[in-house]
Amino acid sequence: MIQSIAGISERLKVIYTGSNLENIKVRNVATGRKRYFDLYPITFREFLLAYSKKEELKYLENISIKDVKISEMFHNELNRLFGIYLRLGGLPRIVDSYLDQKSGNQPIPQLIADLVATIEENVKSVLGDKALLYEYEDILRRLALLSMETLKFSKLQVQHIKRNEAKQLVGKTVGARVANKIRLFESAVDLSKYIIFDSGVLNYLLNGSEIMRSRIPELNLSILYETVVGNELISALPTRDDIFYWKSQRGAQVEYVMRRDAFIAIDVKTSRGDTKSLESCAIFEKDLDYI
């Protein structure tokens, strides 16, 4: 599965991280033409490269769904490394701290907590109204917990924030690239779901300071897997508008659908599971190329 994701595009070779904050008025800046571009957390492949796991990366680059057999040794090691990446995420400061644990940095959960506070300040600068962000981290946490389903904004309400304010916050959170909006495929109305931009930040929001030590609950693990796969896909595509999710009238759901060079449906499982949702998608979507 990882190879099929990695092989979608060779467009992005070196990716750093950041956020693109919308609607910021920049004053007294002596610049001419401005160009805005998206920056992403590092991908799993880049994590392997930073970790000097060259043999594992080489195996990953060359594996194919046409292979009759896979190397159990490499498969198990890549699974282990992916589990670390899933927990850490792809923010360079966090990855650097993990790979250089003798440097005397703050504990990783504290580093991520500080980054979440920075994210809050960034979004505040977009909104210009700090009162609306009194409980912003709680909004992010609820957004994370609800990310596997179509978002109902009423469920984001907290003590000091009403539905309309929560909706505005989510819009600005997407604008700041803190969350990615995944639209329902071929829907005339807005029935979107939202995923947090980085699995390390998501892990902190879901599991608190125990992100590296504790066993992740099954529901949270499912959210993490769905998010990390979605973010890998987004980083490999020319635009995040090329990715959707699919849902039948009877409730069958496929996590991601892409319709660009090919029409592809991707279902994310934390264990083997079944292929019923993919089969439903293939029945209803006659032009589907791959599942």
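Which side chain meets Glu 77 in a salt bridge, and at what N to O distance? I looked it up: Arg 80, at 2.7 Å. A salt bridge here is a side-chain nitrogen of Lys or Arg within 4 Å of a carboxyl oxygen of Asp or Glu.

**Ground rules.** I am working on a predicted model, where local features need pLDDT of at least 70, side-chain atom pairs count only at pLDDT 80 or more, and totals for chains, interfaces and linings use all residues. Residues are numbered from 1 along each chain as its sequence is written, and side-chain values use heavy atoms, leaving out hydrogens and water.

**Whole chain.** I found eleven helices and five strands in the protein chain. Both are DSSP runs numbered from the N terminus: helices are H or I with at least four residues, strands are E with at least two. Of the 291 residues, 47% are buried. I took buried as under 20% relative accessible area, exposed as over 50%, and partly exposed as in between, with a 1.4 Å probe and protein chains only.

**Sheet.** Two strands pair if DSSP finds at least two bridges between them. E1 (residues 179-184) and E3 (residues 243-247) run parallel and are joined by two bridges. I also noted Leu 184 opposite Tyr 245 in E3.

**Salt bridges.** I counted nine. Side chains of opposite charge can pair when their charged atoms come close.

Back to Glu 77 and Arg 80. They sit three residues apart in helix H4 (residues 72-88), so about one helical turn separates them. Arg 80 is partly exposed, at 40% relative accessible area.

Next I checked Asp 190 and Lys 181. Their closest N and O atoms are 3.4 Å apart. Asp 190 is partly exposed at 49% relative accessibility. Lys 181 is partly exposed too, at 30%.

Arg 259 lies in strand E4 (residues 253-259) and Asp 287 in the segment after helix H11 (276-284), so the pair ties together parts 28 residues apart in sequence. Arg 259 is partly exposed at 37%, whereas Asp 287 is exposed at 53%.
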